[in-house]
Amino acid sequence: MVEAELKKLLAQIQSRHCEEQTIEVKSAHGGCPEKLYDTLSSFSNQDSGGTLVFGLDEKAHFAKVGVYDAHDLQRKVMEYGEQMTPVVRPVFTVYEEDCKVFVSAEIPPVDITERPCFKTAKGRMQGSYIRVGDADKPMTEYEVYSYEAFRKKYRDDIRPVEQLRVQNLDQDHLAQYVLRRKQDRVHFATLDISQLYDLIGVTKNGVVTLAAVLLFSPYPQAYFPQLSIIATHVPGTEMGLLDEQGLRFIDSKRLEGTLPEMLDQAVAFVRNNMQVSTRIDPETGRRIDRPEYPLDAVRETVLNALVHRDYSIHTEGMPIQLTMYSDRLEVANPGGLYGRLTVDQLGKVQPDTRNPVLVTAMESLGQTENRYSGIPRIQHAMAELGLPTPVFTNTRSNFSVTLQNRAKLAPQKTLEPMTVTSIPDPKGLLAFCMEPRSRAEIIAYLGISSAQYALRHYLDPLVAGGAIRLSLPDKPRSPKQTYQTAKT
């Protein structure tokens, strides 16, 4: 930073009247501030680093007060930096205005392999900080661990699960997996089975691994109850809103089983709860369905959450969250992006892999291609339906993907009166009711826990629009009533 840039920064701070993610203001008019360790740590631990600005008084609306002694201030800030691990080397700039001197200290980011940067005397657990807005916050135990896990290449997906034996796993599925791995590596056929198990991550030093539990246990949640997916469909744009019936959830399920089973269940949950607009092509007479979300994008999103989430002991009590709102679908998993990968690089560079055994296993099982094409596929699938670009949000402890539906798009022009063929049919009831169906059959087909909600939101609009006709129109609530798609 040159003097002109520091002058501009001082004006910016005074104009905004606030500190920022990368800006910390200290008066230093009466001496060197006593507590700089927290900020030195937090700035060093973020990719953008940060800048300490001395000579503005935050308590006096960021008035220019100048520093007590620029030379001594720089010396003492350097001393603070030398008491950090790794040592912090600030880059100073000095600027004078109206007989007042201002100093900036630019704090460079520490390489991720050396993070977290902490005050040596307090130790890694007590002396590590992270920047949150304009504040320095102590790192959580997990945030400290996440850096250490990358630096030391911990392999949490193959951590031993002492209470299991290989005999407790599904032997048929395990045998099929071993056969596939032998086909990939011909020399595997010559190995003893116990050696092979260790090589492919089923065991570690003869003990069953977490990966084996998640892939081949008849019921993994017996050992890890929260390694599951909480799938929820809520009626509004935020959690806690109620629908017309006073219900907080349209649908809510805990999805359990092996990773492939949870993946299939999650896709089915979204399929059963999302809207599907149906129309008939006037030229071909063919039915055209337009889903609220592309299911291949949903599948890739959930798959990424399952194989790339953090499986350490710090997060094993945290399930993946799949939440459907009226305007979006969100999938959030414990553990931020692994290693050096940033949100801007998603789908563009080959990333470090947090759980290589799980990724390889899911590839061998035919669940993923392991070609780093998942993110591009999510993006292309959304674009193909004319939907907004997916939103990726990353923190040290959490990663989420948001798929927005058409409610997020700009309002459309006034629509023409709805015809029978253009009435939205999100659950495919027109096809289901080609034969007469009872109310009970329709409720069972919809698979929604609230029968009143299911009928009101999916059946009644089709009846009102004339797309579905009643067998007893004069007795709409008759227990003998049946519903059949109107002939066009």
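## The loop between H5 and H6

Lys153 sits in the loop that links H5 to H6. In this predicted model, Lys153 has a positive phi of about 55°, although it is not a glycine. Its relative accessible area is 45%, so Lys153 is partly exposed.

Glu148 belongs to helix H5, residues 141-151. Is Glu148 buried or exposed? Its relative accessible area is 18%, and the cut-off for buried is under 20%, so Glu148 counts as buried. Setting aside neighbours within four places in sequence, Glu148 is in contact with Lys153 and Tyr154.

Helix H6 covers residues 171-184, 14 residues in all. From first C-alpha to last, H6 reaches 20 Å. That is close to the 20 Å expected at 1.5 Å a residue.

Asp170 makes a polar contact at the start of H6. One of its side-chain oxygens comes to within 3.1 Å of the backbone nitrogen of Asp172.

Which residues of H6 are buried? They are Leu174, Tyr177, Val178 and Arg181. Viewed down the axis of H6, these buried residues fall within an arc of 100°, so they line one face of the helix.

## Packing of H6 on H11

How do H6 and H11 pack, and at what angle? The angle is about 90°, and the axes lie 10 Å apart. The two helices are therefore roughly perpendicular to each other.

On the H6 side, the residues that meet H11 are Tyr177, Arg180, Arg181 and Asp184. On the H11 side, they are Thr360, Ala361 and Ser364. Tyr177 and Arg181 also belong to the buried set of H6.

## Thr301 in H10

Thr301 is found in helix H10, residues 295-308. With a relative accessible area of 3%, Thr301 is buried. Its side chain reaches the backbone oxygen of Ala297 at 2.8 Å.

What else does Thr301 touch, not counting residues up to four places away in sequence? The partners are Val331, Ile378, Val401 and Leu403.

## Cis peptide bonds

The peptide bond from Thr85 to Pro86 is cis, with omega near -10°. Pro86 lies in the loop between strand E5 (84-85) and strand E6 (91-97).

Arg115 and Pro116 are also joined by a cis peptide bond, and here omega is about 0°. Pro116 is in the loop that runs between strand E7 (100-107) and strand E8 (118-119).

## Positive phi at Ala28

Ala28 is not a glycine, yet its phi is positive, at about 55°. Ala28 lies in the loop between strand E1 (23-26) and helix H2 (37-44). Is Ala28 buried or exposed? At 5% relative accessibility, Ala28 counts as buried.

Terms used:
Residues numbered from 1 in each chain as written. Predicted model: local features only at pLDDT ≥ 70, side-chain atom pairs only at ≥ 80, totals over all residues. Heavy atoms only, no water. Helix = DSSP H or I, 4+ residues; strand = E, 2+ residues; numbered from the N terminus. Expected span 1.5 Å × (residues − 1). Buried < 20%, exposed > 50% of the residue type's maximum accessible area, 1.4 Å probe, protein only. Arc of directions from axis to C-beta. Polar contact = N/O pair within 3.5 Å; in protein donor to acceptor, adjacent residues only side chain to side chain. Axes fitted to C-alpha atoms, helices over the stretch in contact; angles between N-to-C directions. Parallel < 35°, antiparallel > 145°, perpendicular 65-115°, else oblique. Contact = heavy atoms within 4.5 Å.
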